[in-house]
Amino acid sequence: MSNGSRSQVPMSSPYLRERAWRIALLAGILLLVAGLYSHVLSFQFVYDDTNLILKNPRIHDWNGVFGAFSSAMWSFQQWTANAGFYRPITAMAQTTQWMLFGPEPMGFHASSLVLHLMLTSLVFGLALRLQ
């Protein structure tokens, strides 16, 4: 022991080999997922993104976030004022993305990709615990 009271695990221990294998497997999965989904970074906004992101004044500044907790997501549109589509967390995420990236779709897609990779890591960790 070189560090007084700390015990050291030999580098060839089964624990370290197992841990290295799990880290390598997770890294491989994350690289695969990132590779499969990285093409979205060049995509534009589609379908309802134009209304929900580009034309939604509520997500263009922090003051609009508070309205997301008291009204439907589409209520800024006159024709859907009572649609009942309540998504305050989504509105907060979109406001944060708008403040960071502005109207550029690449920033929105990149943050979605990062979130996807984080959730992939969590599912991997959960699967290891359940085995």
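Along the sequence the pattern reads α-α-α-α-α.

The model is predicted, so local features need pLDDT of at least 70 and side-chain atom pairs count only at pLDDT 80 or more, while totals for chains, interfaces and linings use all residues. Residues are numbered from 1 along each chain as its sequence is written, and side-chain values use heavy atoms, with hydrogens and water left out.

Next, show the surface of the protein chain. Of the 131 residues, 27% are buried, meaning under 20% relative accessible area.

Now select helix α4, residues 88-101, and pick out glutamine 97 within it. Glutamine 97 is buried, with a relative accessible area of 14%. Leaving aside residues up to four places away in sequence, glutamine 97 touches Gly102, Phe108, Ser111 and Ser112; a contact is heavy atoms within 4.5 Å.

Move on to helix α5, residues 105-130, which holds methionine 118. Select Val114, Leu115, Met118, Leu119 and Leu122 together: they make a nonpolar surface patch of about 490 Å². Such a patch joins nonpolar side chains (Val, Leu, Ile, Met, Phe, Trp, Tyr) within 5 Å, from residues with over 30% relative accessible area and no salt bridge (a side-chain nitrogen of Lys or Arg within 4 Å of a carboxyl oxygen of Asp or Glu).

Note on methods: Helix = DSSP H or I, 4+ residues; strand = E, 2+ residues; numbered from the N terminus. Buried < 20%, exposed > 50% of the residue type's maximum accessible area, 1.4 Å probe, protein only. Patch = residues over 30% accessible without salt bridge, like charges linked within 9 Å, V, L, I, M, F, W, Y side chains within 5 Å. Areas by Shrake-Rupley, 256 points an atom, 1.4 Å probe, with all protein chains shown as cover.
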